[in-house]
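Here are some friendly notes to read with the model open beside you. They start with the pocket and then move on to a helix, the rings and a few backbone angles.

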Amino acid sequence: MTYHRVLDSGIIITNTQPPHFAGIRDVHGIVYPNLVPDGVFQPEHLQQHRTQFPAGQFVALDGEKVVGFTATFRTHLSPEDDPLHNWYQTVGGYTLANHQPDGAWVYGAELGIHPDYRQRGIATALYEARFELVRTLGLKGYYTVGLLVGYRAYQDQMTLREYGAKVMRRELDDPTLTMQMNRGFRPVALVENYIGESIPGIPGAGVLIVWENTF
């Protein structure tokens, strides 16, 4: 199963191939500078993703330049099975070793956009590629954890838990979580220790979000 879409901007959304691995590694390191060098997806990790679940790996290209990517796997675990999980344990490390080939759910292990290419609809297009994947495979849905990247602007005014609750109730807008909710994700629960502080100044907390396949 292959995917190929050209956005109005000329950006191409397609399945990840080996020539994209180095570019994905570089974008991953830019998005999460605190992970460099040990915690960034390396070509051997990306090859494992592709071997396990080639239809679930997507890349955004500006010509031949990688400007965004996803890492995805299938699982039998539903969002309710472990709502307060952490990233590393859930995905099975950088090779996504917890992939289950006949899993009923898609888990979004990673989605990164180069900072110079944000606010251009690329993240939305990558989400839509995953939605189409779920529909095509007839799976139950897609879930992940959206990081609360906007909390640093409110950290002197309220606790992280208070901020997360307000965003979930749409009383505040968060650059990541609100965008995800606007694309059809349902917020479920605050996950306080999802990852470490991989992005300087942003806590490693987020909200479990679910998109259910109603088609």
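1. The largest pocket holds about 1100 Å³ of space. A pocket here is an open set of points on a 1 Å grid over the protein atoms alone, where a 1.4 Å probe fits, with protein on both sides within 12 Å along at least five of seven lines. The volume is the space filled by probe spheres set on the points, which are joined across faces, edges and corners. Lining residues, with an atom within 4 Å of a point, number 45, and those closest to the centre are Tyr 32, Leu 111, Arg 118, Val 149 and Thr 176.

2. Before going on, please note that this is a predicted model, where local features need pLDDT of at least 70 and side-chain atom pairs count only at pLDDT 80 or more, while totals for chains, interfaces and linings use all residues. Numbering runs from 1 along each chain as its sequence is written, and side-chain values use heavy atoms, with hydrogens and water left out.

3. Which elements give two or more residues to the lining of the largest pocket? They are α1 (21–31), α3 (87–91), β5 (105–113), α4 (122–137), β6 (141–147) and α6 (177–182); helices (H or I, at least four residues) and strands (E, at least two) are DSSP runs numbered from the N terminus. The largest share, 6 residues, comes from β5. By class, the lining has 25 nonpolar, 14 polar and 6 charged residues, where Ala, Val, Leu, Ile, Met, Phe, Trp, Tyr, Cys and Pro count as nonpolar, Asp, Glu, Lys and Arg as charged, and the others, Gly among them, as polar.

4. Helix α4 passes a simple length check: at 1.5 Å a residue its 16 residues should span 22 Å, and its end C-alpha atoms are 23 Å apart, which agrees. The expected span is 1.5 Å times one less than the number of residues. Among the buried residues of α4 are Ile 122, Leu 126, Arg 130 and Phe 131; buried means under 20% relative accessible area, exposed over 50%, and partly exposed in between (1.4 Å probe, protein chains only). After α4 comes Gly 138, with a positive phi near 70°.

5. There are 17 aromatic pairs in the structure, counting rings of Phe, Tyr and Trp (its six-membered ring) whose centres lie within 6.5 Å; planes under 30 degrees apart are stacked, over 60 edge-to-face and the rest tilted. Phe 41 and Trp 87 make a tilted pair, 6.5 Å centre to centre with 45° between the planes. Phe 41 sits in the loop between α1 and α2 and Trp 87 in helix α3, so this pair ties together parts 46 residues apart in sequence. Phe 41 is buried at 0% relative accessible area, and Trp 87 is buried at 10%. The rings of Tyr 127 and Phe 185 are edge-to-face, because their centres are 5.6 Å apart and their planes at 70°. Phe 41, Phe 69, Trp 87, Tyr 88 and Tyr 94 form one aromatic cluster.

6. His 45 belongs to helix α2 (residues 43–52) and is buried at 14% relative accessibility. Leaving aside residues up to four places away in sequence, His 45 touches Val 40, Tyr 94 and Thr 95, with contact meaning heavy atoms within 4.5 Å.

7. Two backbone angles deserve a look. Leu 96, in the loop between α3 and β5, has a positive phi near 55° and is buried at 0%. Arg 170, in the loop between α5 (160–168) and α6, has a positive phi near 65° and is partly exposed at 46%.
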